[in-house]
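This report walks a new reader through one protein model, moving from its metal site to its salt bridges, a helix, its inner spaces and some backbone details. Please look over the sequence and the structure before reading on.

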Amino acid sequence: MNTTTNTTLTVFYNDEYVNPNDAETRTKAEPLARMIEQGEVPGVTLKSPQSVTREQLLQIHDAQYLDELWGKHPRFLASILASTGGVIAALDQAMIDGASGTLSSGLHHAQRAADNGLCYLNGLALVVHVAIERYVLTDVGILDTDAHWGGGTFQLVGSNPKVRISDVTVSDFDRWQSSESRHHLKMVNDPSVYLEEVKKALTHLEGIEFLVYNAGMDPFEDCGIGGMRGITREILEERERLVAQWCIDTETPALFTLAGGYTGHNLDLEGVARLHLPTIREFQRII
Ligand SMILES: [Zn+2]
């Protein structure tokens, strides 16, 4: 992008993202933010976003469902509102800088009127709506490399002709189906073809005006949920390099969100957070 005004990658996060004692989805951003603050990824600035409002959420979620969420613990509610707000903030920033991201997680399974698979608000569907309305885009792409399918996202934006979806999975959960050519789905059963399938998923998105990248690390073989034997750290690092290089080569502005990543037998929360560093490192190259 020739409109670049920053020399650092802005990544959105604040302490409200974290809901203590909750799943990794709402706790891993804290150690990850600490790693960024300690300079593990040079050229990255953390910035606090505005939380999403109920009015914004009504674009994609059912009013009664939102009432239920507003009745939950204030700390939990604050967490999902802050991290969903971060996705919108990353869109605005990426439209200026060419790339941005947010330490948000727990998005792609959320449906119009129900939570699913640890996801409560579908920030991916919401940000696509905002991109189309605020920036008058007509061809927005979602790349989802979480281990699981993004059935919630498909429910919310699958019928929108201005949205293309590429979904590469290694697990059966939250499966969706489509015969539309703008939707590309692949469930990988053999780790040796994983990166080739990611390349195909990117090729499917060629020509989009903006990329929303849901960067899941739960395909990693040591993750207790989603992990596939043979999907190594190195493979996931190369995946992130491929995605960032595609954005550079095609001059496509992009934002990332974190998606899945879970502790396991050999993996603690710090280790899960560390898995997400390559996404940030690679997006920094786009700036
Ligand atoms: Zn997942």
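Helices (H or I, at least four residues) and strands (E, at least two) are DSSP runs, numbered from the N terminus. The model is predicted, so local features need pLDDT of at least 70 and side-chain atom pairs count only at pLDDT 80 or more, while totals for chains, interfaces and linings use all residues. Residues are numbered from 1 along each chain as its sequence is written, and side-chain values use heavy atoms, with hydrogens and water left out.

## The zinc site

The zinc ion has as its protein donors Asp146 (OD), Asp146 (OD), His148 (ND1) and Asp218 (OD), which lie 1.9 to 2.8 Å from it. Donors here are N, O and S atoms within 2.8 Å of the metal (3.2 Å for Na, K and Ca), and since water is not among the atoms, sites may look incomplete. Along the chain the donors of the zinc ion follow the spacing D-x1-H-x69-D.

The angles among the 4 donor atoms of the zinc ion run from 52 to 152 degrees, and the site is irregular. Under the rule used, four donors count as tetrahedral if all angles lie between 85 and 135 degrees, four count as square planar and six as octahedral if opposite donors are over 155 degrees apart and all others between 65 and 115, and anything else is irregular.

## Salt bridges

A salt bridge is a side-chain nitrogen of Lys or Arg within 4 Å of a carboxyl oxygen of Asp or Glu, and by this rule the count comes to 13 salt bridges. The table gives examples.

| Asp22 | Arg26 | 2.6 Å |

Because Asp139 lies in the loop between helix 5 (123-134) and strand 4 while Arg164 lies in strand 5 (residues 163-169), their pair ties together parts that are 25 residues apart in sequence. Asp139 counts as buried at 18% relative accessibility, and Arg164 counts as buried at 16%. By contrast, Glu282 and Arg285 both lie in helix 10 (residues 277-286), 3 residues apart, about one turn of the helix. Here Glu282 is buried at 14% relative accessibility, whereas Arg285 is partly exposed at 36%. In the remaining pair of the table, Asp22 is partly exposed at 24% and Arg26 is buried at 5%.

Just after helix 4, Gly98 takes a positive phi of about 100 degrees.

On a 1 Å grid over the protein atoms alone, a cavity is a set of points where a 1.4 Å probe fits but cannot get out, and a pocket is an open set with protein on both sides within 12 Å along at least five of seven lines; lining residues have an atom within 4 Å of a point. Grid points are joined across faces, edges and corners, and a volume is the space filled by probe spheres set on the points.

The largest pocket has a volume of about 190 Å³. It is lined by 13 residues, of which Gln50, Gly85, Ile88, Ala89 and Asp92 are the closest to its centre. Helix 4 gives the most to this lining, with 6 residues.

There are 4 cavities of 30 Å³ or more, and the largest cavity holds about 70 Å³ of space. Among the 14 residues lining the largest cavity, the closest to its centre are Gly106, His108, Cys119, Asp146 and Gly260; Asp146 is also a donor of the zinc ion.

## Backbone details

Glu251, in the loop between helix 8 and strand 8, has a positive phi near 55 degrees although it is a residue other than glycine, and Glu251 is exposed at 62% relative accessibility. Asp174, in the loop between strand 5 and strand 6 (183-187), has a positive phi of about 65 degrees and is not a glycine either, but Asp174 is buried at 14%.

Note on methods:
Buried means under 20% relative accessible area, exposed over 50%, partly exposed in between (1.4 Å probe, protein chains only).
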